[in-house]
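Subject: A structure for you to look at

Hello,

Here is the structure I promised to pass on to you. Have a look at it first, and then read my notes below.

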Amino acid sequence: VSGQVVHVVWRDFRDGNSEIYYKRSTDGGNNWGADTRLTSNSAISWLPSVSVSGSVVHVVWRDLRDGNAEIYYKRSTDGGNNWEADTRLTNNSAASELPSVSVSGQVVHVVWEDQRDGNREIYYKRSTDGGTSWGADTRLTNAPATSGSPSVSVSGQVVHIVFEDNRDGNYEIYYKRSTDGGVSWGADTRLTNNSANSTYPSVSVSGSVVHVVWYDNRDGNDEIYYKRDPTGNVVGIINVNSEIPNQFSLSQNYPNPFNPTTNFEFRIAEFGFVNLTIYDVMGREVTTLVNEELKPGTYEIDWFAEGGASKFVSGVYFYKLTAGEFTQSKKMLLIK
């Protein structure tokens, strides 16, 4: 979902074989547009996942057109009206399946389970230009047991992944994260601990809270379980590039319009005190995001315009960066 636009993908057999279909609602789910067929080949296409940033919609799925299971991707840059060609993301003789996609700004993150190593492992890759080009496959798990069914969620530079794993003798839910946009990864963290099977997890993040749900049969039948980490998502300023910029600058927030999270990037050319403050349309200060001394470099920070004591309403807001003698303001739009 992005603002009032809700995007849904699924597998459908109406055409005589398994294809990926899509539809959207532009009014928050009250009314829905027509079904749109996204794939068209004689092989099986299934297990889709969708994520959106602004008007750019990203879809991944498992596809058998190449004779074995591979991960495919396609995108729409106009909110789901038109779709670009299919892009094959994996290329090996083993099965690659169960993909999950999440996007923050221009960075698209994809995870899937892959059997190229002789057993099921979790693999990851990303695009830093909105899906135009893709980096190398990265293996995230390394255990003699089975790791599968991954799910990914991203907030700014913090990427969260959950998956099922039977390294403990039965299937348990495991978690790991990257705090630098997928460049490096922390250790595996075991989230469940019981003698039954815990499988098929899903993760989502909002503000500082990480939410996980999964399928669990510890009670003698299959039930849905949930847990959360209230401070698991690092919300704060991130130095994304330590090279010294030629000048101070403040970029337009992204996405814009937004709901409820948006990202700010700014460049600091000299060491000094930096302030980044948000104001409402009446000029009243509503929150301060940065108020500290910073070294030269390029920085990012997210604003989560929801919850807590502050109730942010839809409308125009302004954000202002002050660093030494440099001052710059820009306008943004919150839509709820």
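His109 belongs to strand β9 (residues 107-114); strands here are DSSP runs of E with at least two residues, numbered from the N terminus. Before going on, please keep in mind that this is a predicted model, where local features need pLDDT of at least 70, side-chain atom pairs count only at pLDDT 80 or more, and totals for chains, interfaces and linings use all residues. Residues are numbered from 1 along each chain as its sequence is written, and side-chain values use heavy atoms, with hydrogens and water left out.

Is His109 buried or exposed? With a relative accessible area of 1%, His109 is buried (buried means under 20% relative accessible area, exposed over 50%, partly exposed in between, with a 1.4 Å probe and protein chains only). Leaving aside residues up to four places away in sequence, His109 touches several residues, among them Ser100, Val152 and Gly181; contact means heavy atoms within 4.5 Å. Tyr124 is also one of the residues touched, and its side chain makes a polar contact with the side chain of His109 at 2.8 Å. A polar contact is a pair of N or O atoms within 3.5 Å; within protein, one must be able to donate a hydrogen and the other to accept it, and residues adjacent in sequence count only if both atoms are side-chain atoms.

Next, follow strand β22 (residues 272-280). Seven of its nine residues are buried, so β22 is largely enclosed by the rest of the structure. β22 pairs in the antiparallel sense with β23 (residues 285-294) over eight bridges, and with β25 (residues 315-323) over seven bridges; two strands pair if DSSP finds at least two bridges between them.

Finally, look at the rings. Arg14 has its charged end over the ring of Tyr21, 4.3 Å from the centre, and Arg116 lies over the face of Tyr123, at 4.2 Å from the ring centre. A charge sits over a ring if NZ of Lys or CZ of Arg is within 6 Å of the ring centre and within 35 degrees of the ring normal.

Enjoy exploring!

Best wishes

Note on methods:
Helices (H or I, at least four residues) and strands (E, at least two) are DSSP runs, numbered from the N terminus.
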